[in-house]
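Me: I'd like to go through a few labels for this one and see what stands behind them. Can you take me through it?

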Amino acid sequence: MNSSSKQTVDRTPIPLISVVVPMRNAEAYVANCLNSILQDVYSNIEVIVIDDRSDDRSRAVVNSIADRRIQLIDGPGTGISDCLNEGLSKAKGSIIMRCDADDLYPDQRIKQQSEWLAKHPEFDAVCGSFATIDTKGKLIVEMDCGREFIEITNDLRAGATRTHLGTFAIRSSLVRKVGGFRIFSKVGEDIGFQLRVGEAGRIAYVPMSWYQY
């Protein structure tokens, strides 16, 4: 083979992405949740499931899924913010995502967001729209969170959220900068977290459906 026919092979490792999954009594849903994450064509992921003292078979369901990318850890049982922070403390990825144990990821969501952030280093996070589903995973409605690309940093700094936190892919440097979730937030921790990442970094909205709630 002469030099003109040789091709350069890019062996640059793709970034590790951490998906944090808070779980409490999600026996009926967590298998579908994890499978929706694990089937993504983007393979370099770790899925950190935080069992926040479930008293059903949630742990057994997670343990039955034979995939070494899953880590099952114990949550403190003191609220959703503490549970999420426990997951964040174990995350090693350069990008952080969240998926609640009764929700789903659409196909190729991880790949799409990782590629978008790689092409737009000026942004610290990207989010999108989402859909609502019933308890069997059947689509109810696609939410209209906006049909055009827009930077939403100023919206967040003004106290206005556009979408669900589950649609966000956030660089871990920004997560560390804001310090995780505030432990006094027993409800609405997702909204407060969105506002704080908007204060600390640049956030983009892309009109793609990236979460099923």
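Reply: Start with the second largest pocket: β1 (17-23) and α3 (80-90) each supply at least two residues of its lining. Helices (H or I, at least four residues) and strands (E, at least two) are DSSP runs, numbered from the N terminus. This is a predicted model, where local features need pLDDT of at least 70, side-chain atom pairs count only at pLDDT 80 or more, and totals for chains, interfaces and linings use all residues. Residues are numbered from 1 along each chain as its sequence is written, and side-chain values use heavy atoms, with hydrogens and water left out.

Me: What makes the lining of the second largest pocket nonpolar or charged by class?

Reply: Ala, Val, Leu, Ile, Met, Phe, Trp, Tyr, Cys and Pro count as nonpolar, Asp, Glu, Lys and Arg as charged, and the others, Gly among them, as polar. On that basis this lining has six nonpolar, five charged and no polar residues. Pro22, Met23 and Asp52 are among them.

Me: Which residues is threonine 153 in contact with, leaving aside its neighbours within four places in sequence?

Reply: Gly198, Gly201, Arg202 and Ile203, where contact means heavy atoms within 4.5 Å. Threonine 153 itself lies in helix α5 (residues 153-157), and its side chain reaches the backbone nitrogen of isoleucine 203 at 2.9 Å.

Methods: Polar contact = N/O pair within 3.5 Å; in protein donor to acceptor, adjacent residues only side chain to side chain. 1 Å grid on protein atoms, 1.4 Å probe; cavity = no way out; pocket = protein on both sides within 12 Å on 5 of 7 lines; lining within 4 Å.
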